[in-house]
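Here's a quick briefing to read alongside the structure.

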Amino acid sequence: MELRPWREAPERDGVLLMAPHELSAGRRAEVLRSARWSWVHLTSAGADFIDLAEWPADTLLTRSWRCYAAPLAEYALHAVLTHEWRRGTPWQERDTRSAPAPDAPPVPAGASTGGGTGLWGAEVTVAGWGAVGRRLATVLDALGARVTVLRRSPEPGSPFHQTSDLGRALDADHLVVALPLTAGTRHLFGRAALGRARPGLHLVNVSRAAIVDQDALTELCAAGRLFATLDVTDPEPLPTGHPLRSLPTVRLSPHVAWRSRDSDAAFADDFATIWAALAAADSSAAPDSSADPHSSHAPGISHSPGISDVSAPGVPVPAVPAPGAPAPGVPVPAVSALGAPAPAVPAPSAPTPDARALDAVIPGLVPPTTGRRARAAVRALLTPGRS
């Protein structure tokens, strides 16, 4: 197995690692049409860059669903705390207080070194219950915030209050948007909904700008009714002179909430996890070209698939190691740089698992791709002698 530029990939059965947010729409379309990919893995957490209605049924599509949860949650927490302490920090570079009288208490009643209130007792709504939402809710709860989760259907046994009511979600001190952009979430927080929000609500968006009606949000922030911290806008960057750039009730960052010390290659961990899940699910499967007409064992299909990178220049894409603790007996081949041969992987030999059962074990799977395609993809990766 080898890592190579996408233009050098085989015509069939290649595995594509694509950074969709770093490519124009035209270039994304060019890359996706350049070969008959067996598997496309997105380095992004969202799949909204892809037209799923037109996605070929014989190409597995996965996303980096977990690797950005920690930095996104940290950004959201920072945004919430910054807003809470916006009137002043609790510390001073030096103590400027006058010396107290001999009989004065250490801290006079009503004294304060800052104008903030902190998170204890604050009401925070987390919109979305993926990896980001779960991590953020846990952190906020640990700091004493009263957390409400906005989701379509409740999860039994959840320690957090859950609601599907937008009105309830917007009746809070803070709202953190961590939802994927879909047809159902586009402008979910529209003009009417935002107009009914609790006065002074602070909206934090670490997901996609189109989930919020940006024009309505701008007007409400200009009127002083709402506050916002936005890592995403439409367009990116905003035009010079756009009111969001100068409103004192708005903080902007240039789509950097996902960054961390390891963020440039963090998606590789998710890719390796998915690879291991595929291998574990199919470790006992025997090659069966009749199961999929486009499998790598069908006549005319290349038996030298490569893993191709379409990330931005300057962003390193390292070899993808096998996860630290794969399932016993599961072969997970190494992915190495161009020209470095990878070790051969033993061939599986037992009956193929049911495709529907396989769907449930693939992390990061993006519908409408299915376990049937995954079976073919993992066979292409685990066939002996691939290099």
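Let's start with a lining: by class, the second largest cavity is lined by 5 nonpolar, 2 polar and no charged residues. Here Ala, Val, Leu, Ile, Met, Phe, Trp, Tyr, Cys and Pro count as nonpolar, Asp, Glu, Lys and Arg as charged, and the others, Gly among them, as polar. Keep in mind that this is a predicted model: local features need pLDDT of at least 70, side-chain atom pairs count only at pLDDT 80 or more, and totals for chains, interfaces and linings use all residues. Residues are numbered from 1 along each chain as its sequence is written, and side-chain values use heavy atoms, with hydrogens and water left out.

**Cavities and pockets**

- Sorted by class, the lining of the second largest pocket has 10 nonpolar, 1 polar and 6 charged residues.

**The whole chain**

- The chain has 9 helices and 12 strands; helices (H or I, at least four residues) and strands (E, at least two) are DSSP runs, numbered from the N terminus.
- Buried residues make up 48% of the 387 residues, where buried means under 20% relative accessible area, exposed over 50%, and partly exposed in between (1.4 Å probe, protein chains only).

**Helix H3**

- H3 (residues 131-142) has 12 residues and reaches 17 Å from its first C-alpha to its last, close to the expected 16 Å (that is 1.5 Å times one less than its number of residues).
- Val-132, Gly-133, Leu-136, Ala-137 and Leu-140 are buried in H3.
- Seen down the axis of H3, its buried residues fall within an arc of 120°, so they line one face of the helix; the arc is that of the directions from the helix axis to the C-beta atoms.
- Among what covers the buried residues of H3 are helix H2 (69-84) and strand E5 (123-127).

**Arg-259**

- Arg-259 sits in the loop between strand E11 (250-252) and helix H7 (267-282) and is partly exposed, at 41% relative accessible area.
- Not counting residues up to four places away in sequence, Arg-259 touches Pro-71 and Asp-264 (contact means heavy atoms within 4.5 Å).
- Arg-259 and Leu-72 are 187 residues apart in sequence and 8.0 Å apart in space, C-alpha to C-alpha.

- Most residues other than glycine have a negative phi, and most peptide bonds are trans.
- The peptide bond from Asp-234 to Pro-235 is cis, with omega near 0°.
- Another cis bond runs from Glu-236 to Pro-237, with omega near -10°.
- His-187 has a positive phi, near 55°.
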